[in-house]
Amino acid sequence: MNPSTNFLKSTESARKQIELRLLELIPESPKSLYDPIRYTMESGGKRIRPVLTYLSSLSDPKADWLPTACAVELLHNFTLVHDDIMDNAAWRRGKKTMHTLLDVNTAILAGDTIIALAEESLLSGRYELSDKMMSEFSFGFRSVCEGQAYDKEFETRNDVRSEEYIRMIDLKSAKMLELGAVLGAFSAGGEHVEAVREFAHHTGIAFQIRDDLLDLTADTTAFGKTFGGDISEGKRTFLFVTAMSHFDQLKDHDQDLLIRIQDKATTEHDIHHARKLFTDIGVMQKAQEAIEVETIIARNALNEISHENMRKGLLEFGEYLLGREF
């Protein structure tokens with residue numbers, strides 16, 4: 001059984017519980033508010049973050065992990081609704097985004113309400129460490145917003161440094177995984193909080209860099225990504241930011257390519273040119289090396305976890321998320 005199949009099978013029950021509870025948390029009226037939220041929550045998604053909450057609670061079989069897991073997933077979906085508005089994105093997960101299907105005002109209000117539902121879910125759990133959990137939730141919420149602010153800021157900059165980019169993906173992407181893991185551990189009494197924090201943080205960084213790399217290397221059918229989509233959209237990815245650090249050493253036509261990428265003025269030929277350039281100057285290799293470093297740190301963090309089922313579950317999670325032996 002491959003890592004993905006094993007992970008999906010072992011977490012199937014948890015995912016079903018999460019799906020049912022998420023829908024139960026959404027009131028019926030007013031329909032103008034809650035039907036759009038229901039539309040978003042029924043739009044698919046792998047429920048990676050709440051499953052991580054569940055796995056991080058396995059040191060205590062009686063842990064009340066479900067309200068926390070749903071809070072994390074609701075927060076994640078809030079970010080998607082508002083990010084789609086800010087990015088003017090028309091589609092997500094193969095369905096129209098909420099503001100495209102309805103209107104911007106409805107999407108803003110629905111997003112705000114999703115946060116309220118997340119807080120209500122978190123506060124409904126039976127936790128001895130509820131104050132610490134609420135503090136973590138608030139910090140995670142603020143961090144994700146800070147990450148989005150940096151991401152938008154970078155769209156108009158051509159001097160983003162690698163360390164700035166890592167900081168941005170830490171806040172915008174890795175922090176949500178970290179929050180899910182930490183809240184799960186707290187729901188089980190808090191025994192392994194720092195170990196799962198370290199694991200989730202570095203797994204999240206590795207995941208985002210891998211996602212950047214897949215833009216130019218993935219089988220588009222298998223991964224559901226458009227080849228070179230990040231290049232076409234002028235996104236500041238690990239690959240682009242690293243390439244820009246070599247700008248002064250590049251030939252004129254390669255410099256022109258990077259300028260076209262940042263100006264969102266590329267052609268299909270440019271995408272293939274970018275892949276060759278990034279390979280030739282070592283950007284692709286540097287991404288692979290960064291993924292490897294983050295993965296090793298994440299894997300080593302699991303050595304601090306004494307509970308065998310929990311450690312095994314998190315190991316399978318890492319293998320599933322990164323598509324490789326962990």
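How many residues does the largest nonpolar core have, and which of them have the most contacts inside it? The core has 59 residues, and Ile37, Leu52, Phe137, Phe199, Leu314 and Phe317 have the most contacts inside it. A nonpolar core here is a set of buried Ala, Val, Leu, Ile, Met, Phe, Trp, Tyr and Cys residues joined through side-chain atoms within 4.5 Å. Buried means under 20% relative accessible area, exposed over 50%, and partly exposed in between, with a 1.4 Å probe and protein chains only. Helix H5 (residues 66-87) gives the most to this core, 10 residues; helices (H or I, at least four residues) are DSSP runs, numbered from the N terminus.

A word on the model: it is predicted, with local features needing pLDDT of at least 70 and side-chain atom pairs counting only at pLDDT 80 or more, while totals for chains, interfaces and linings use all residues. Residues are numbered from 1 along each chain as its sequence is written, and side-chain values use heavy atoms, leaving out hydrogens and water.

Now pick out Leu314. Not counting residues up to four places away in sequence, Leu314 touches (heavy atoms within 4.5 Å) Leu52, Leu55, Ser56, Val196, Phe199, Leu302 and Ile305. There's also a second, separate core of 33 residues, including Leu216 and Leu257.

Leu52 and Leu55 belong to helix H4, where both are buried.

Ser130 is partly exposed, at a relative accessible area of 32%. From Ser130 to Glu153 you go 23 residues in sequence and 35 Å in space, C-alpha to C-alpha.

Terms used. Helix = DSSP H or I, 4+ residues; strand = E, 2+ residues; numbered from the N terminus.
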